[in-house]
Amino acid sequence: LILGFAVFFALILGGGWLVFRSSFFNAEKITVLGNKDIKNEEVIGLVKNEILRGSLLRNFLGVENFLAWPREIENDSLASLLAIGKLQVKKNYRERSIILTVTEREPFGVWCLKKNLPPECFWFDREGVIFKRFFEVEGNLIKSLNDYYEENPRLGSRILPKEFIPNLISIFEVINRSSLSVNEVRLVDLGLQEIEVETHEGPKIYFSLRFPAENTLAVIQSILEKAGFKKLEYLDFRVENRAYYR
């Protein structure tokens with residue numbers, strides 16, 4: 001019985017030493033993949049900071065220990081590097097290496113707060129998340145939304161409530177596919193839940209943020225083919241499956 005207890009405790013002590021004190025579980029190489037604009041050191045530093053501010057066990061294991069590294073970094077923990085949309089961790093125990101795979105946020109458009117002087121502008125992605133400062137743009141080359149309603153921007157927040165983002169994206173896609181010559185896309189009052197599009201030498205177009213805009217494309221293309229398009233005052237799609245113009 002005594003011998004059995006001795007062997008048991010020896011195994012516990014040996015396992016504890018192997019995990020906590022030896023270099024057996026230590027990573028010898030950390031590789032970062034998928035990053036373009038973000039430096040490797042920034043990505044590695046972010047994960048190590050996440051480990052150190054995690055559980056006491058991870059703190060005790062240390063940032064070099066495989067067992068302390070999570071499989072994926074939660075989105076809330078990416079706030080210090082907003083350009084990262086997703087960060088996955090893969091461990092290779094045989095080669096004693098860790099691979100960090102980064103998915104960077106891809107810019108979709110520029111969001112400008114026109115109530116601020118001078119206007120403040122930011123890149124936003126397809127999820128509507130603002131992640132990087134930019135400058136004011138004009139024309140059709142870069143998608144741009146001029147916001148006359150919001151005035152307190154915060155990096156990492158969304159330009160609109162989450163439920164409106166897919167519908168805003170669909171409005172921009174309709175504009176691009178219809179070949180409209182656009183002077184400005186603007187949000188005047190979020191309470192109205194609508195987007196105004198001012199065209200060059202053509203009518204003002206109203207879209208709703210409450211539903212997708214895909215069904216409006218055929219109507220716009222049909223009206224564009226008519227000679228009197230530039231004489232119209234407005235084109236209104238704020239009622240679902242209805243179009244009004246004058």
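Are Cys112 and Cys121 buried or exposed? Cys112 is buried, as is Cys121; buried means under 20% relative accessible area and exposed over 50%, with partly exposed in between (1.4 Å probe, protein chains only).

This is a predicted model, in which local features need pLDDT of at least 70, side-chain atom pairs count only at pLDDT 80 or more, and totals for chains, interfaces and linings use all residues. Residues are numbered from 1 along each chain as its sequence is written, and side-chain values use heavy atoms, with hydrogens and water left out.

**View 1. The disulfide of Cys112 and Cys121.** The sulfur atoms of the pair are 2.1 Å apart; a disulfide is a pair of cysteine sulfur atoms within 2.5 Å. The torsion about the S-S bond is about 115 degrees, so the disulfide is right-handed.

View 2. The largest nonpolar core, with 34 residues. Such a core is a set of buried Ala, Val, Leu, Ile, Met, Phe, Trp, Tyr and Cys residues joined through side-chain atoms within 4.5 Å. Leu145, Ile159 and Ile195 have the most contacts inside the core (contact means heavy atoms within 4.5 Å). The largest pocket, with about 410 Å³ of space. On a 1 Å grid over the protein atoms alone, a pocket is an open set of points where a 1.4 Å probe fits, with protein on both sides within 12 Å along at least five of seven lines; lining residues have an atom within 4 Å of a point. Among the 20 lining residues, Gly85, Arg105, Asp125, Glu127 and Val129 are closest to the pocket's centre.

Terms used: Points joined across faces, edges and corners; volume = space filled by probe spheres on them.
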